[in-house]
Amino acid sequence: GADILVTPEYAMQSLFVDKENIFPVTQYVPDPELHAVPCTLTDEGLNRKKNELYLVVDIPETSPCSPEAAAHNPFANALDTAYECPPDGRIYYNSQVVFDRNGTVIARYRKKNFDETALFVTDFGVVFSLQVCFDIAYLHPGLSNVVQRGVKDVAMSTAWVDILPFFVAPSVQNGWSRALGVNLLVAGHHLPELAKLGSGIFRGFSDLDHTYVYNPESGNKLIVSEVETIAATDGVRKPRGQLKTGSTSDDAVLAKHDGTHADKQPRREHLLYYDDISSYTNAPLAPSTSGEPQTVDLCHSDQICCSLTLHVLL
């Protein structure tokens with residue numbers, strides 16, 4: 001009964017591809033304005049639409065920029081003029097592609113961190129923004145869609161890289177969701193040996209439970225959860241069994257977490273990179289038991305200054 005499934009970054013073709021010969025693992029993607037249904041192009045007898053859910057999939061996309069390359073594209077896309085055309089006549093993108101319940105491509109976001117709308121609307125009344133991996137640290141597309149367009153639900157594909165102390169997956173993703181007060185559906189590539197770990201369904205600043213996986217031993221995990229849109233909830237946890245409020249105000253969500261079953265593997269390592277914080281200006285905050293706010297002011301090289309006031313809840 002799920003309404004939407006999100007897949008991880010690089011999940012369809014793996015991380016290990018020949019970057020010098022990437023074309024064989026890429027896909028042509030129809031322009032969403034064409035309202036194309038790619039699975040109708042073949043007669044394989046497979047019903048790829050039987051589950052009737054929204055699918056957000058991250059794939060490597062090939063986009064022809066020369067007439068010769070375009071001759072092999074099964075879709076009537078215009079020639080790509082976004083960048084200078086490479087010698088092989090194709091421009092390659094890290095793309096999120098959205099299929100509706102009928103298998104129609106309704107949205108395509110090519111990761112580039114700027115000037116991209118990256119929105120799609122569902123039949124259950126929710127507007128989603130798309131973003132890929134480290135887009136979460138940029139203005140576009142997710143942050144601008146939340147702040148400027150009022151979007152409250154974001155679908156994110158990632159092959160995250162954990163870097164201590166600032167960029168550990170649950171901290172960044174949970175913090176982004178809470179600070180902006182939005183639902184964030186994160187499908188993460190599971191390869192802890194390369195620092196890639198973490199998937200989750202984060203529910204904004206409310207006290208509604210978050211559902212996430214951050215465990216090197218977890219292996220393949222399919223995260224399944226019922227999610228209320230922020231616009232339809234007061235942010236207070238409902239009694240068990242009473243989360244659903246109506247078909248137009250709930251998203252049943254599946255977030256695909258890619259990996260290998262833990263019971264078939266020896267204990268897995270989790271690679272963690274470290275950011276050298278010796279170049280940062282820092283100051284300790286002494287413990288407080290009085291409940292009085294604590295304030296600290298810091299300047300780095302007399303150029304960038306900030307002030308922090310910490311309110312302690314006793």
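Which hand does the disulfide of Cys-65 and Cys-85 have, judging by the torsion about the S-S bond? Select those two cysteines and look along the bond. The torsion is about 80°, so this disulfide is right-handed. While you're here, note that the model is a predicted one, where local features need pLDDT of at least 70, side-chain atom pairs count only at pLDDT 80 or more, and totals for chains, interfaces and linings use all residues. Residues are numbered from 1 along each chain as its sequence is written, and side-chain values use heavy atoms, with hydrogens and water left out.

**Stop 1: the cysteines**

A disulfide here is a pair of cysteine sulfur atoms within 2.5 Å. Cys-65 and Cys-85 meet that cut-off, with 2.0 Å from S to S. Cys-65 sits in the loop between strand 2 and helix 1 (67-70), while Cys-85 sits in the loop between helix 1 and strand 3 (90-99), so the bond ties together parts that are 20 residues apart in sequence. Helices and strands on this tour are DSSP runs numbered from the N terminus: helices are H or I with at least four residues, strands are E with at least two.

Buried means under 20% relative accessible area, exposed means over 50%, and partly exposed is in between (1.4 Å probe, protein chains only). Cys-65 is buried at 11%, but Cys-85 is partly exposed at 32%.

Now select Cys-299 and Cys-305. Their sulfur atoms are 2.0 Å apart and form a disulfide. The torsion about this S-S bond is about 110°, so this disulfide is right-handed. Cys-299 is partly exposed at 36%, and Cys-305 is partly exposed too, at 48%.

That brings the count to two disulfides. If you count the bonded cysteines along the chain, the pattern is 1-2, 3-4.

Cys-306 is exposed, with a relative accessible area of 52%. For a contrast, click on Cys-39, which counts as buried at 18%.

**Stop 2**

Go to Met-12, in the loop between strand 1 (4-6) and strand 2 (54-64).

**Stop 3: helix 3**

Select residues 169-180, which make up helix 3. The expected span of a helix is 1.5 Å times one less than its number of residues.

Next, show the side chains of its buried residues: Ala-169, Pro-170, Val-172, Gln-173, Trp-176 and Ser-177. An α-helix has 3.6 residues a turn, so residues three or four places apart point the same way. The buried residues of helix 3 pack against several elements, including strand 6 (127-132), helix 2 (139-149) and strand 7 (153-158). Strand 9 (183-188), strand 10 (199-203) and strand 11 (211-213) are also among their packing partners. Step past the end of the helix and you meet Gly-181, with a positive phi near 70°.

**Stop 4**

Zoom in on the peptide bond from His-140 to Pro-141. This bond is cis, with omega near -5°, and Pro-141 is in helix 2. Another cis peptide bond joins Leu-164 and Pro-165, with omega about 0°. Pro-165 is in the loop between strand 8 (163-164) and helix 3.

His-35 is not a glycine, but its phi is positive, near 55°. Look for His-35 in the loop between strand 1 and strand 2, where this residue counts as exposed at 59%. Ala-195 also has a positive phi, near 70°, and lies in the loop between strand 9 and strand 10. Is Ala-195 buried or exposed? Ala-195 is buried, at 0%.

**Last stop: confidence**

Colour by pLDDT, the predictor's confidence in each residue, from 0 to 100. The protein averages 85, and 84% of the residues score at least 70. Over residues 232-252 the pLDDT is below 50, and this stretch has 45 contacts in the model beyond near neighbours in sequence. Residues 259-264 are also below 50, with 11 such contacts. Where pLDDT is low, the predicted coordinates should not be read in detail.

Definitions and conventions. Contact = heavy atoms within 4.5 Å.
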